[in-house]
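Please open the structure in your viewer and keep the sequence beside it.

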Amino acid sequence: MKYLTLHVLFFLLLNVYPLHAEETPADIAQRAYLANINTLMVFTSQDGLNTGHYRFSNIGIKMDIYHLPFLYQLDIGNETINMFAMGNVGYSRASVNENITLPDHITLSHENQMSTYTGGAGLGVRFKTAWKIDILTGLELIYSRSGVTVHNPDGDIGNAIEDFFTGKYNDNLTYKFLLQLEHQREINGYKLHAKLNHKLYETKADFNFSALTSFTTQASVTSLGVGIETPALFTWKGMYLTLEGYLYGHYMGGDIVDIIGFDTYSTVGVVAYWYTEDKPDWIERFFIELSSVNSDGLEGYNLGIGFTIDF
């Protein structure tokens with residue numbers, strides 16, 4: 001199944017992937033495969049992208065994402081420096097707009113899709129500066145399984161879970177490096193924040209020691225964003241409602257750019273927060289988030305429903 005998937009991705013991505021004279025077709029297929037997995041990692045492990053639908057217009061691919069990220073500050077350290085835990089679980093499926101005929105009488109169409117399951121965990125360190133700028137750096141390991149499956153339009157999450165155990169998939173391990181600067185302040189009851197982060201992704205499809213210990217940047221994303229949250233707009237029994245609006249710009253580098261056909265995109269979103277105070281005491285607030293993602297080669301939206309852990 002591994003070589004079948006490499007063949008599928010090779011023929012699917014060859015028209016947008018650059019050729020190098022010193023590479024064999026197998027090398028190109030392997031590089032395209034890793035770049036494709038990194039593309040899935042980038043769009044499956046972004047903060048706040050809980051459920052989304054994307055259309056990559058440059059290459060005729062649609063992608064649906066179901067994702068749950070988290071970042072929890074640990075009570076390990078002091079007022080200046082402490083550790084945090086981060087991670088995510090997710091599922092994505094990608095399909096093409098038009099039928100593509102491959103060798104061995106294989107057709108990639110609306111009835112077929114590339115399914116990917118992800119789960120990651122990592123640790124990091126947060127440093128609070130005297131200028132009220134938090135510096136966060138960390139490493140997350142993301143395990144993923146990917147393969148080409150038959151699309152079932154009437155399927156539910158139960159079928160997806162069953163397919164995870166019964167289907168034939170390729171196993172991958174992705175290193176995700178994070179460096180983030182974040183500033184928050186409050187003015188007349190309004191909470192303002194600015195965030196700059198840089199993420200590097202390196203995926204390994206071969207789990208031997210030499211492969212796992214070698215590092216080259218296969219994909220990177222630099223994001224800069226600002227947001228503002230209102231004071232309480234509605235209160236009830238000690239709980240209250242606020243709204244937040246935000247705008248982010250993203251710049252991508254590495255092999256991912258050759259796959260998707262663009263290197264920048266923007267995110268605009270609005271979030272409704274319901275602060276719970278001590279009901280329950282380990283949840284600070286619940287939220288509903290809606291955002292849109294746009295670029296010359298990308299259109300999409302995200303819908304998030306969840307909660308923020310109180311720390």
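**First stop: Gln73**

Select Gln73 and Arg126: their side chains make a polar contact of 3.5 Å (a pair of N or O atoms within 3.5 Å; within protein, one must be able to donate a hydrogen and the other to accept it, and residues adjacent in sequence count only if both atoms are side-chain atoms). This is a predicted model, in which local features need pLDDT of at least 70 and side-chain atom pairs count only at pLDDT 80 or more, while totals for chains, interfaces and linings use all residues. Residues are numbered from 1 along each chain as its sequence is written, and side-chain values use heavy atoms, with hydrogens and water left out.

Gln73 belongs to strand β2 (strands are DSSP runs of E, at least two residues; helices are runs of H or I, at least four; both are numbered from the N terminus). Is Gln73 buried or exposed? Gln73 is buried, because its relative accessible area is 8% (buried means under 20%, exposed over 50%, partly exposed in between, with a 1.4 Å probe and protein chains only).

**Second stop: Trp131**

Next, select Trp131, in the loop between β6 and β7. Trp131 counts as exposed because its relative accessibility is 67%.

Finally, select Tyr54, Phe56, Met252, Ile260, Phe262 and Leu298, which have the most contacts inside the largest nonpolar core, a set of 18 residues (buried Ala, Val, Leu, Ile, Met, Phe, Trp, Tyr and Cys residues joined through side-chain atoms within 4.5 Å). Helix α5 gives the most to this core, with three residues.
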